[in-house]
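Visitor: I am new to structures like this one and would like to learn how to read them. Could you take me through it step by step?

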Amino acid sequence: MDFRFEIVQDYMPFFLKGMAVTIGVSLAGILIGLILGLFIALGNMSSNKLIRLPFNIYINIFRGTPLLVQLLIIHFGIVPMFMSPSDPLVSLIIGLSLNSAAYIAEIFRAGIQSIDKGQMEAARSLGMTRVQAMKLVILPQAVKRVIPPLGNEFIVLLKESSLGSVLAAPELMYWGRAAAGQYIRIWEPYLTVALIYLVLTLSLTYLMNYVERRMKTDDLR
Amino acid sequence: MDFRFEIVQDYMPFFLKGMAVTIGVSLAGILIGLILGLFIALGNMSSNKLIRLPFNIYINIFRGTPLLVQLLIIHFGIVPMFMSPSDPLVSLIIGLSLNSAAYIAEIFRAGIQSIDKGQMEAARSLGMTRVQAMKLVILPQAVKRVIPPLGNEFIVLLKESSLGSVLAAPELMYWGRAAAGQYIRIWEPYLTVALIYLVLTLSLTYLMNYVERRMKTDDLR
Amino acid sequence: GSGGEQQSGSEDKKVLNVGTEATFAPFEFMDKGEVSGFDVDLLNAAAEEAGYEVDIKNTGWDAMLAGLQSDQLDIGMSGVTITDERKETYDFSSPYFESVSMIVFKEGTNITKAEDLKGKKIGVQNGTTGQIAAEAIVGKNDSSISKYEAAALTFQALQSGDVEAVVTDIAVALEYVKNNPDAGVKTVSDEQFTPEYYGIVFSKGSELKAEFDEALNTLYENGTYTEIYKKWFDEEPNLDVLKEAAVQ
Amino acid sequence: MISVKNLKKSFGDNEVLKDISLDVDSQEVVVVIGPSGSGKSTFIRCLNMLETINGGQVLIDGKDLTDKNTNINTIRTDVGMVFQHFNLFPHKTILDNITLAPMNVRKMKKKEAEEKAMGLLEKVGLAEKASAYPESLSGGQKQRVAIARALAMEPKIMLFDEPTSALDPEMVGEVLEVMKQLAKDGMTMIVVTHEMGFAREVGDRVIFMDNGYIIEQNEPTALFDKPQHKRTKAFLSKVL
Amino acid sequence: MISVKNLKKSFGDNEVLKDISLDVDSQEVVVVIGPSGSGKSTFIRCLNMLETINGGQVLIDGKDLTDKNTNINTIRTDVGMVFQHFNLFPHKTILDNITLAPMNVRKMKKKEAEEKAMGLLEKVGLAEKASAYPESLSGGQKQRVAIARALAMEPKIMLFDEPTSALDPEMVGEVLEVMKQLAKDGMTMIVVTHEMGFAREVGDRVIFMDNGYIIEQNEPTALFDKPQHKRTKAFLSKVL
Ligand SMILES: Nc1ncnc2c1ncn2[C@@H]1O[C@H](COP(=O)(O)OP(=O)(O)OP(=O)(O)O)[C@@H](O)[C@H]1O
Ligand SMILES: Nc1ncnc2c1ncn2[C@@H]1O[C@H](COP(=O)(O)OP(=O)(O)OP(=O)(O)O)[C@@H](O)[C@H]1O
Ligand SMILES: NC(=O)CC[C@H](N)C(=O)O
Ligand SMILES: [Mg+2]
Ligand SMILES: [Mg+2]
C-alpha cells in the first residue's frame, strides 16, 4: 500500500493547530468541570435527601447517556438559545465541562469517603464542627487522593474532545477528517492524528506518574 | 417550543430496532473483549520483559487514542482488506472488542493484584506451583473483584457504541440522527434517544448493584 | 465591482454568517483549511454585488440547517436543492444550478439503471436528495441504505466496500470519478431521477432573499456567473434552464 | 463528674448497650475490660457523643448529653479521646496536630497554642519531634502525640479506647508511662484496655462488661483475684 | 535438621540479614525474639524460600536451598509455615482449605485427603467447623485451621511467624495450646513470638535477633533471667 507523505505534510499545520485546540478545549473542560464537580459532589453528599436529589439526577443523566447525544443536544438545541451565532468550540467546551463535572463529582466523593473515618472522629472529638473538620482535616487529605483519577479524567476528556469533529469544531480529529474528506484517503490522515493523540496521552500519563511518585516521596518527609 | 410527538412515533420502530442492535453490539464487544482481555492481562503480567512488551504496546495504543479514530481506521482501512462487502456492524463490534480488551486487561490485572500477597505466599508455602496457585487460589478470588468494574466497562461500551452512527451502523444513535436529518428537528429524536440510553444504563447499574449486594451476602455464608 | 464607487471601508459592510458542508466537491470542499469551490466563488460574487461580506464556515450539513432554523446563520450554501418540503422551513434564492441524481458504483457491480439499486447496499448522505432518490426506489429507511453524515463518508464507504453504490448529485459524482481515476468506479444516470435546482438558503422570511436574487441576476447578465462556471466545470452554462426554472 | 443512667444503644436491630449505669468521680481512674464485641468501645464513644444515644441519660460535669440544647462541641472539648489507631492528622506536623484544635475551636493565638503544645510535647517526651510528620514516628510515639493533642484542649475527662493494643510490645510501656503520669496528676480517666498490669497499678476501679451489660465492678485486686461472676472468671482465666 | 551458615539477605540496598548461622536439631523447638524490623520474619521466610537468599548456605534435612537443582516445591512440602494473618483461602470451606494442597500437590484422593483433614481438625478442636467458611471463624479458630492446613502436607519442620500477635488476647491461649501439643508430639519448630510464657514453657532454645544478627542464644530461663548482652537486656526490660 502506498503511503502519501505529502498529504501528511500538506495538512501538518492544520493538525498542529487542531492539537492546540484539542489541548485548549480539554483544559477548559477539566477546569470548569472541576469547579462544577466540587459543587455537585458537596451537594450530593448533603445529609438532606431533597437537596441531594437534583445533584444525583444530574450525575445520572450525564454519566448515563453518550457524550455524542449530549453534544448534539447542546450544540443544536441549547447553545442556540443563548448565543448567536453559536460556535461549535463553545458547545464542545460546554459539553465536555458538563459531562466531566458529573464524573469529577464522583471522583471527589470517592476521595472524601476514602479518608479514614477515624480522621473525622478525631477532629470531631477535639470539638471541631463538621465544616471545620472538612476544611481543616478531610479536604486537604482528599486532594492528594483525587489527583490521580483527575489526571485520568483529563486524558479521557482529551480523547473525547475528538467528538467535536461531529460538530465541526476545528480540533485535531476535525482536521483529520477534513484531510480524509479532501483526498478520500484513510491511512495518512487517521494514522497521523492517532499518533498525535497517542503522544499527548502518553506524555500526560508519564507526567501523572511522575506527580504521583513525587507526592509519595513528599509523604515520607 | 412545540414538541412534535408524531416524529417520535414515526421513528419508534427504528429506535427500538436500533436499541436491540446497540445491546447486541455491546454484548458482543464485551464478550470478545473479555477473552482477549484475559489473554492480554496474563501476557502483560509475564515476568519476561520481552513477552510483556507487545501486550503493553497494545494496551497503550488502544487506551491512548480516541475510539472514533480507531473505528474509522478499522472500518475504512482494515476491515475492507478482509471482508467484501464490509459491514459497519462488524467493524463496530471489532472496534469495541479491541478497545474494551485493552481496558479489560487492566481490570483483570488490577483484580489479580488486589488479592492479598499472603494468599500467594500461603499457596506457595504449601508446595503449589505458581500456576496452581493462580488457578486454585488467586483467580477464583479475583473473579469477584473483577465483576463490578466489568459491569462498568459494559456500560461504557453501551454508550460508546453510539459512535457507530458515524460509520452508519444502524444502532440507536444512527436512527436518532436519521430522524433528525429527515425532519431537521433536534429535540424529538435526540431526547428520545438519550432517554433510551438512560433507561439502558440505569437498569444495568441497578442490576450491577444487585449482583454486588448478592455477592457480598454470599461472602457471609 | 469597481472599487472606486463602492464604499471603501469594508468595516461598514454587514458580515453574513454562512454555513456549509464542505465535503461536496466541486461545490464546496476543504482545500487545506480553506473552504473553496463553485458555491464559494458564486456566493462571494453575489454578496459583493449585494453589498455584504460573508463568513463561510464548514459547519456540516445538520448544523447548517439547524443554524438557519434558529437564525444562527444568515445563509446556507451547500449545493442545497430547492424542494417543496424544504420551502416550508426555509426561503431559497432563485435557482443557480441544475442538477440531477447519479449513481456511483464499483466497476463490476451489475448496475445499469436505477431499478438495479434494489438488493444492493446503498450509501447516501443523511437528509439529502440523494437519500430521497434512493428511498424512492428501495423504500424509506430500508435496511439496504446507509446514511452518512457527510458526502465524503459515502465515498469512503464505497471505496472500502462498505456500500456497493452511492447516490449523489451528478456534478459531485463526476468530480469524484475524475479525481480518483484509480478507484475503479463508474457512474450511471437514469431518466427516473428528476432534475433539481440548487438555491441559496435563507432562514424563513429573510430580507436577504430579494437582494441575493437581484445580485444573482446581475451575475447572470454581466458574465460573472459564466466565468465562475467555466472555471469549475470547463464548459458554458445553460442560463436559459435556470431562468425557466425560476419562473416555475 | 460522669453519671450514666440506664444507657441504651443499638445499631439497627443489634442492641449493643443494654442497660449501663455508672458514676465516675472526679480524679477517678476507671478501667473497662471485657471480651471482644461486648460494647466497650461503643460505651466510651457514647460519652463523647461519637455515637448517638438511644435511651437513658448521660451527665458529664452536670451537662445532659441527651438534652437537645446541649452544645455537642463544648461537651467534646471537655472530654478528650484517645483512639486505638491514634488518628493523627497525617498532613500536619506533630506541632500542627496539637495546635489545630486550640487555634480553630478555642480561637487561641498561634504563638500561645504553640507554646502550650511544646509544653505538652515536653511532658510526653517528644519535644524534639515537633516539626516531624506522623509517618516518621513509631506507634508508641504516635500515641503519645495523640494524648498530647487531646490534652491541648484542656479536657476534664480523658477517654482511652485500647490505646496500646495496636502497638508493638516494646512500645506499650512508654505509652502506659504517660498515662500513669496523667492519672497521678489527677485526671479523670476511663480506660478500655487489656493491660492488666496497668489496671492493677493505676486503676481505682475495674469494670467488666459483657454482651452490653456491666457484669461486675470492683477494685482491681479484688476483681482480678476474687471475681464473683462465672463470666468474669472465664474471661480472666483466658487473659491473665 | 536445619543448618544455616552465614546467611545473608538484602532488599535493595537494605541488608536485613547480615550473617546468620544456626543449627536446629530434629524435634527441637527454637523461639526467635527481637525488636521490630530486626529481620525475624525475613529469616524464617528464607527457610521456606519465600525470600531468595543472597549469600551463605541453608540445608534443610540435607537438601541445599541455594542449589539451583533443588526443587523448591518439594522443600516447601517439607517445611510448613504459619503466618501472622492466617492467610486462609476465603473462597474455600475449612475442609477444602486443608485438602486443597494434598489433593493438588501430593495428588491425594479426595476421600483420603478429607479423612486426614478431619483428623487434623479434630486435633485442633474444630471438627464441627469443617464446612464453614473462614469469614465465620474467630481469629483464634482461623489460626488453628491454618496450623492444620500446614500439617496436612506432613511437613518435617513447622515455621511460625508471630502466630498469635493478630489475635484478641482471649484467643491467644487456644492457639498456643495447639502449638504446645505439636511440640510434645515431637515436631521440629521455629517460632517467632512475643509470648514469653510460651517461650519459657515450650522452647528448647531462645534466640535474640537484632539488626540482622543473632545477638545471643540460650535456654529460655537462662536467657530471660540472665541475659548477657546489653541489647538483650534493654529489649527484655521493655517486654517482660
Ligand atoms: N458502627 C457500627 N455499626 C454497626 N454495628 C456496630 C458498629 N460499631 C460496633 N458495632 C457492633 O457493636 C458491638 C459492640 O462493638 P464494640 O466495638 O463496642 O465492642 P468492643 O467491646 O469495643 O470490642 P473490641 O474489644 O473488639 O474492640 C459489636 O457486635 C459490633 O459489631
Ligand atoms: N519485601 C520487602 N521489601 C523491602 N524491605 C523489606 C521487605 N520485607 C521486609 N523488609 C525490611 O526488612 C527489615 C526486616 O523486616 P522483618 O519483617 O524481617 O522484621 P521483623 O523482625 O519480622 O519485624 P516485626 O517484628 O515488625 O515483624 C525491615 O527493615 C523491613 O522494612
Ligand atoms: N451538500 C449536499 O450534500 C446537497 C445534496 C443535495 N443537493 C440536497 O440538497 O439534498
Ligand atoms: Mg473496641
Ligand atoms: Mg515480622
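**Chains and their neighbours**

Guide: Let us begin with a pair of chains that do not meet: no contact joins chain B and chain D, and their closest C-alpha atoms lie 17 Å apart. Please keep in mind throughout that this is a predicted model. Another pair without contact is chain C and chain E, whose nearest C-alpha atoms are 50 Å apart.

Visitor: Of the pairs of chains in contact, which share the most contacts?

Guide: A contact here means heavy atoms within 4.5 Å, and with that cut-off there are six pairs of chains in contact, among which chains A and B share the most contacts.

Visitor: How many residues of chain E are in contact with chain D, and what is the area buried between chain E and chain D?

Guide: One can describe an interface by its residues and also by its area. Nine residues of chain E are in contact with nine residues of chain D, and the area buried between these two chains is about 880 Å², with carbon and sulfur atoms giving 60% of it. On the side of chain E, 58% of the area buried against chain D is supplied by Pro169(E), Glu170(E) and Lys238(E), which is more than any other three residues supply.

Visitor: Let us turn to the ligands. Which residues surround ligand 1?

Guide: Ligand 1 is surrounded by residues of chain D, including Phe11(D), Asn14(D), Val16(D), Lys40(D), Thr42(D) and Glu162(D). Looking at atoms, an oxygen atom of ligand 1 lies 2.7 Å from a polar side-chain atom of Ser36(D), and an oxygen atom of the ligand is 2.6 Å from a polar side-chain atom of Ser41(D). The backbone takes part in the list as well, with an N or O atom of Gly39(D) lying 3.0 Å from an oxygen atom of ligand 1. On its own ligand 1 has 630 Å² of accessible area, and the protein covers 61% of this.

Visitor: And which residues surround ligand 2?

Guide: The residues around ligand 2 belong to chain E, among them Phe11(E), Pro35(E), Gly37(E), Ser38(E) and Lys40(E). An oxygen atom of ligand 2 is 2.6 Å from a side-chain N or O atom of Ser36(E), while a backbone N or O atom of Gly39(E) lies 3.0 Å from an oxygen atom of the ligand. For Glu162(E), the distance from a side-chain N or O atom to an oxygen atom of ligand 2 is 3.2 Å. Taken alone ligand 2 exposes 630 Å², of which the protein buries 61%.

Visitor: Where does ligand 3 sit, and how many residues surround ligand 3?

Guide: Ligand 3 sits in the largest cavity, and 13 residues surround it, the closest being Ser78(C), Thr81(C), Gln125(C), Thr129(C) and Asp169(C). Sorted by class, this shell has four nonpolar, six polar and three charged residues. A nitrogen atom of ligand 3 is 2.5 Å from a side-chain N or O atom of Asp169(C), and an oxygen atom of ligand 3 is 2.6 Å from a side-chain N or O atom of Gln125(C). At Thr129(C), a polar backbone atom is 2.6 Å from an oxygen atom of the ligand. Taken alone ligand 3 exposes 300 Å², and the protein buries 99% of that.

Notes. Residues are numbered from 1 along each chain as its sequence is written. Chains are lettered from A and ligands numbered from 1 in the order in which they are written. This is a predicted model: local features need pLDDT of at least 70, side-chain atom pairs count only at pLDDT 80 or more; totals for chains, interfaces and linings use all residues. Side-chain values use heavy atoms; hydrogens and water are left out. A residue is near a molecule or strand if one of its heavy atoms lies within 4 Å of it. A polar contact is a pair of N or O atoms within 3.5 Å; within protein, one must be able to donate a hydrogen and the other to accept it, and residues adjacent in sequence count only if both atoms are side-chain atoms. Accessible areas come from the Shrake-Rupley method with a 1.4 Å probe; for residues, only the protein chains shown count as cover. On a 1 Å grid over the protein atoms alone, a cavity is a set of points where a 1.4 Å probe fits but cannot get out, and a pocket is an open set with protein on both sides within 12 Å along at least five of seven lines; lining residues have an atom within 4 Å of a point. A molecule sits in a cavity or pocket if more than half of its atoms lie within 2 Å of its grid points. Ala, Val, Leu, Ile, Met, Phe, Trp, Tyr, Cys and Pro count as nonpolar, Asp, Glu, Lys and Arg as charged, and the others, Gly among them, as polar. Buried area is the accessible area (1.4 Å probe) that two parts lose on being put together, summed over both.
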